[in-house]
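This short report looks at a few residues one by one and asks where each of them sits. Please have the sequence and the model in view while reading.

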Amino acid sequence: QVQLVESGGGLVQAGGSLRLSCAASGNTFTVIAFGWYRQAPGNQRDLVATVTEDGDATYADSVKGRFTISRNNVANTLYLQMTSLKPEDTAVYYCSAIQTPTWGGRVFWGQGTQVTVSS
């Protein structure tokens with residue numbers, strides 16, 4: 001099992017910045033990649049960014065150049081630095097952890113943190 005707890009969401013004006021954090025605990029050694037997803041009301045949960053155990057990052061086109069995903073392996077914490085925020089970035093943001101197939105290949109989720117960007 002891997003437990004994930006997000007923090008750092010809130011209300012910000014368009015053009016502002018926020019940093020989300022995700023504290024991971026449990027069997028984190030079984031995780032091959034971490035990611036951030038978001039879900040706006042009435043929409044599906046969409047990928048925002050992922051980072052592998054080697055530090056390779058990928059981003060959704062809508063956030064490239066504005067968001068940065070990073071991880072602190074010592075502290076078992078995942079981050080999402082968000083800049084130049086837009087009203088369309090408003091959503092609940094979820095942290096995720098993907099296990100290696102060897103350990104079952106499960107996907108774990110945090111409880112989510114609300115990000116609201118006002119125009």
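## A buried phenylalanine

Phe108 counts as buried, because its relative accessibility is 6% and buried means under 20% relative accessible area, whereas exposed means over 50% and partly exposed lies in between (1.4 Å probe, protein chains only). This residue belongs to strand S10, which covers residues 107–109; strands (E, at least two residues) are DSSP runs, numbered from the N terminus.

If neighbours within four places in sequence are left aside, Phe108 is in contact with Gln1, Val2, Leu4, Cys95, Ser96, Ala97 and Gln99, where contact means heavy atoms within 4.5 Å. Phe108 and Gln3 are 105 residues apart in sequence, yet from C-alpha to C-alpha they are 7.3 Å apart in space.

## How the model is to be read

The model is predicted, so that local features need pLDDT of at least 70 and side-chain atom pairs count only at pLDDT 80 or more, while totals for chains, interfaces and linings use all residues. Residues are numbered from 1 along each chain as its sequence is written, and side-chain values use heavy atoms, with hydrogens and water left out.

## Two loop residues with positive phi

Asn76 is not a glycine, and yet it has a positive phi of about 50°. Asn76 lies in the loop that runs between strand S7 (67–72) and strand S8 (77–82), and it counts as partly exposed because its relative accessibility is 32%.

Ser84, although not a glycine, also has a positive phi of about 50°. Ser84 is found in the loop between S8 and strand S9 (91–99), and with a relative accessible area of 40% it is partly exposed.

Key:
Helix = DSSP H or I, 4+ residues; strand = E, 2+ residues; numbered from the N terminus.
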